[in-house]
Amino acid sequence: MAETDMESTTGTDWAGWQESWDRQQEWYMPDREERFRVMLDMVEALVGPEPRVLDLACGTGSITDRLLKRFPKATSTGVDLDPALLAIARGYFGGDERVTFVTADLKDPGWTRALPHASYDAVLTATALHWLHSDDLITLYGQLGGLVRAGGVFMNADHMKDEGTPRINAAERAHRHAHMDRAKAGGALDWADWWALAAKDPVLAEPTARRFEIYGEHADGDAPSVEWHARTLREAGGFGEARAVWRSPSDALVLAVK
C-alpha cells in the first residue's frame with residue numbers, strides 16, 4: 001500500500017492505538033463485536049469468503065481488521081477523511097498488500113473517483129454515517145448503488161432511532177448510560193478522554209488537531225430509523241432488497257442487496 005515512511009520510522013505502537021480505539025468504542029457499544037460478526041456472516045453468505053470490500057468511513061480500520069482475520073483472501077479499501085484515525089490505520093496495516101487506504105470526503109460529489117476499483121462485492125460501514133444529515137445520506141446511498149456490483153451487498157451498523165417509542169427509548173438510554181458510568185468509574189476511556197491522549201502523542205498530535213478542524217467536537221448529523229434506511233437504499237440506491245439483519249435496543253445493522 002502506498003504511504004509515507006512516517007509509520008515505519010516513528011516506533012509508534014499502532015497495535016496499541018488500534019486496541020485502545022476498540023476499547024473506547026466498546027464503552028459505548030458493548031455489543032460491538034456481535035454486530036461485526038453478523039456483518040461478516042452476511043458477507044460470507046451473500047458474496048463468499050474472498051470479497052473485495054470497501055470499508056466506508058473506515059476510521060482505524062476496525063471492520064477491515066476483522067474481515068482479514070476471518071477471510072484471509074479478502075481485500076479491502078478503507079476510505080475516510082479523518083487524518084488521525086487514518087494514521088493509525090495506515091500504521092497498523094502497514095505492509096499488508098491486501099489493504100489500501102484513501103483520504104476522501106464522502107460529502108464531495110466526486111469522492112468515488114479516488115477509489116482504486118470501480119465496483120465492490122461489499123461496502124461495509126459501522127457507527128459512522130450518523131455524522132451525515134439525511135440529505136447527504138440520500139446522495140451517498142445513490143452513489144453506493146453504482147459501486148456495489150450486481151448481487152453485492154451494502155451494510156450499515158449504526159444508531160437508528162424509532163421515534164414512535166419514546167418511553168422505551170428513554171428507559172434504554174438511562175440503562176445504557178448507567179452501565180457506561182460504572183465502566184468509566186472503573187477506568188474506561190470515553191470519546192473525549194481518548195482524543196485527549198491522541199492530542200498529546202508526538203505522532204498523532206498534528207493529525208488530531210487537523211481532525212478537529214475538519215469535524216469539530218462530534219457529529220451533528222441524523223440517526224433515522226431502520227425503515228428509512230431500508231427504503232432509501234431501495235429508492236435512491238437501486239438495491240433490490242433491504243432490511244435489518246441485527247438489532248439492539250438503540251442500534252441496527254441494515255443489509256441491502258443489489
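Residues are numbered from 1 along each chain as its sequence is written, and side-chain values use heavy atoms, with hydrogens and water left out. Because the model is predicted, local features need pLDDT of at least 70 and side-chain atom pairs count only at pLDDT 80 or more, while totals for chains, interfaces and linings use all residues.

View 1. Helices here are DSSP runs of H or I with at least four residues, strands are runs of E with at least two, and both are numbered from the N terminus. Buried means under 20% relative accessible area, exposed means over 50%, and partly exposed lies in between (1.4 Å probe, protein chains only). Among the buried residues you will find Pro-83, Leu-85, Ile-88 and Arg-90.

**View 2. Helices α3 and α4 where they cross.** Two packed helices are described by the angle between their axes and the distance between the axes. The axes of α3 (residues 32-47) and α4 (residues 62-70) come within 11 Å and cross at roughly 55°. The two helices are therefore oblique to each other; angles under 35 degrees count as roughly parallel, over 145 as roughly antiparallel, 65 to 115 as roughly perpendicular and the rest as oblique. Residues that meet here include Phe-36, Met-39 and Leu-40 in α3, and Ile-63 and Leu-67 in α4. The residues of this contact divide into five nonpolar, one polar and seven charged. Nonpolar covers Ala, Val, Leu, Ile, Met, Phe, Trp, Tyr, Cys and Pro, charged covers Asp, Glu, Lys and Arg, and the others, Gly among them, are polar.

**View 3. Arg-66 in helix α4.** Arg-66 counts as buried, at 14% relative accessibility. Its side chain makes a polar contact with the side chain of Asp-22 (3.1 Å). A polar contact is a pair of N or O atoms within 3.5 Å; within protein, one must be able to donate a hydrogen and the other to accept it, and residues adjacent in sequence count only if both atoms are side-chain atoms. Leaving aside neighbours within four places in sequence, Arg-66 is in contact (heavy atoms within 4.5 Å) with Asp-22, Arg-32, Glu-33, Phe-36 and Leu-40.

**View 4. Arg-243 in strand β6, residues 241-247.** Arg-243 is exposed, with a relative accessible area of 56%. The C-alpha atoms of Arg-243 and Ala-230 are separated by 5.5 Å, though these residues are 13 residues apart along the chain.

Methods. Axes are lines fitted to C-alpha atoms, for helices over the stretch in contact, and angles run from 0 to 180 degrees between N-to-C directions.
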